[in-house]
Amino acid sequence: MIPRHLVIATSVLLAAALGLSIYAWHVRKTVVSKPQATTDTRPLAPPVAGPTEQVTLYVAYDDDGSLRATSAQIPMPSGRQQRAEELLRALLSIYLDKNSPHVLGTGAEVRSVFLVDPGVAVIDLNSAFADEHRSGVLVEELTVASLIHTVSANTPGVVKVKILVDGKERETLAGHADLSSFYDVTAMNQLATQLQGGE
Amino acid sequence: MRWTEPRLIAGPAVMLACAIFSTIFLSGAPAEKHLAVYSVAANYSVAIVQHDGRDYVGLLEVLEPLGTVSARIESGGRWRLRYNNIEGNFQAGKSRARVLGRDADLGEKFLLHNDRGLVPVAALGSLLPRFLGGPVTLHEASARLFIGSVGTHFTASLAAQNPPRLVFNFSAPVNPTIATETGSLRMTFTREPLVAPASPMLTFGNKTISSANYSENNGAAIITVNTSVAVLASFSNNGKTITIAPVAVVSAANEPNTPPASVASNTATTAPPATPAPAPAPPVPAARRYFAVVDASHGGDDHGETLSATLLEKDVTVALARSLRQELESRGITTLVLRDSDANVSLDQRAIFANADHAAIYIALHAASSGHGVRVYSALLPYGEDDRGPFLSWTTAQRTSRPLSQTAASAVAGELQKRQIPVRALAAPLRPLNNVIGPAIAVEIAPQGSDVSQLIAPDYQQLITSAVATAIAATRDQLGAAP
């Protein structure tokens, strides 16, 4: 004769297994049918508060293919790395505005900036930034030049810059601008000067 | 029957294992499947929908490109379809339909999904002849449907010479996507109604090119050539002949009209390393076969910019490359178009080919919808890696030729300016310009206004390519003296 407590335990385990299977099936159906949000537009970090500083942002303009120096008054933290991040977030807020002169895809975000001695800056973009970026040599070049020149002009000592996407190396931004190598800040400054002329 | 305790434990354990397994197994996203349809009227593909493990397609979508078709839903889940003058009646949940007043067995039940009438793919072989009045051939496993007497046949023969050449002759022009891997070259035919040879495995009894096999999968026909060395494919005979040969043979023997369709992975001296390590520089300039290498950027899976709903950058660049070749050759400049088909060619492979040819000028062509006119680019070199002795850094191989590249870019910009075309000369972080040892420029062409269709207008293309060719011809002596 099977002890009563074993029968109960077996029944409970069978019911649990069946319930888990049904739950797994239900979860899968829900995940498949639920449309995923294409981008997560939530900010990655809270806005910085504190004293503001005047900084120079280099903003891309698609209408004449130029890079223009623009002054902005933004709250700046004291840390060198955090300052670089805030600079790029201020730059992106211009690009994500409805009157943007150089439209970026919804959800584009700079995840973080790392400043590594001696003179290396690493800009880590999120995947929405690259995946939703428009394709074209000039349009991609303007984005890259804007990011790098804004960081290097406001962060003394940076000599080379690497751009990552979601923490990983990527061959190009959107099919054209090379992201596989380190950018030379000196060469980028010359390019920024060229681009400030516009069409 | 008496249960023992181990059995009592094993039962639930198996159930739990099944639950976990089903969770893992079911979490994988199903691959998207398509039915490729080939007919005299059009070649197209239709998305396959899966239901209860069976493949279904929308009957309206299958018939739409072939004639006048309409459908409407009636009460009680009935779906009525009219193709030209032929009427079919279907009932949701029923496996029998009526076409031209006669019963048709669908094998599986008919589905109405989002107002679309879905029939099993397996039923198309018997159902479609009733609507179309002619034979159809269904390759169900590979989702390929041939309507009427369509079909591109091919033969393969190995030329008995050393090194060997494998020649494919097709009964109609083809334009496959070509990919290379170590030890094989794969041609994927998605638009052509390619049909199998008598035997799917062709053996040649040769060590260099040993065999080729034909297969079909998910709406495509695939020919895989198995080799022991890196090979190239080149097109000729208006796209009806593809020749596969070892890299050196194709490089030496290619005519300007039959450029390589792809460049195989290669560990030759001009190949880039897997990691950014130096690539050797040639100590002595080798003989130049082509003065100019024109590179139609993108290709294959890399579409470049989607310029409009029907216009891709990779297609515009091929047209521009052909036009530029014609303009250059009319000025006596030998020219190789690096990509003259819809082939996958990596950035490294493009640089390898330009370097191997020691061309006097490498010109990459791009097209864009933004901006106006033309942009001419020379390389923006990345942060320098030091050359090691005679070995140049792959990422900055362009360094010594950059002044000449800028001279060529300025000449092209000047010539375009003379013709009243808006133009800018810039540096750009655009590969493979920095990997090319000789002078290298890129030309990005945008419409003069907002109409992107101007990019495919032959007169606009010729206006630009003739200016580029004139500038290259004018700087021929300077470029020709480059190592």
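User: At what angle do the axes of H4(A) and H5(A) cross?

Analyst: This is a predicted model, in which local features need pLDDT of at least 70, side-chain atom pairs count only at pLDDT 80 or more, and totals for chains, interfaces and linings use all residues. Residues are numbered from 1 along each chain as its sequence is written, while chains are lettered from A and ligands numbered from 1 in the order in which they are written. Helices (H or I, at least four residues) and strands (E, at least two) are DSSP runs, numbered from the N terminus. Axes are lines fitted to C-alpha atoms, for helices over the stretch in contact, and angles run from 0 to 180 degrees between N-to-C directions. Here the axes of H4(A) and H5(A) cross at roughly 115° and come within 10 Å.

User: Which residues of H4(A) make the contact with H5(A)?

Analyst: Two residues are in contact if their C-beta atoms, placed from the backbone, lie within 7 Å. H4(A) contributes Leu142(A), Ala145(A), Ile148(A), His149(A) and Ser152(A); the partners in H5(A) include Met188(A) and Leu191(A).

User: How many residues of chain A are in contact with chain B?

Analyst: The contact joins 32 residues of chain A to 39 residues of chain B. H1(A) gives the largest share of chain A's side, nine residues.

User: Which residues of helix H3 of chain B are buried?

Analyst: A residue is buried if 20 or more other C-beta atoms lie within 10 Å of its own, exposed if 12 or fewer, and partly exposed in between, with C-beta atoms placed from the backbone. In H3(B), Leu124(B), Leu127(B), Leu128(B) and Phe131(B) are buried. They fall within an arc of 95° (taken from the directions from the helix axis to the C-beta atoms), so they line one face of the helix. Just after H3(B), Gly133(B) has a positive phi of about 75°.
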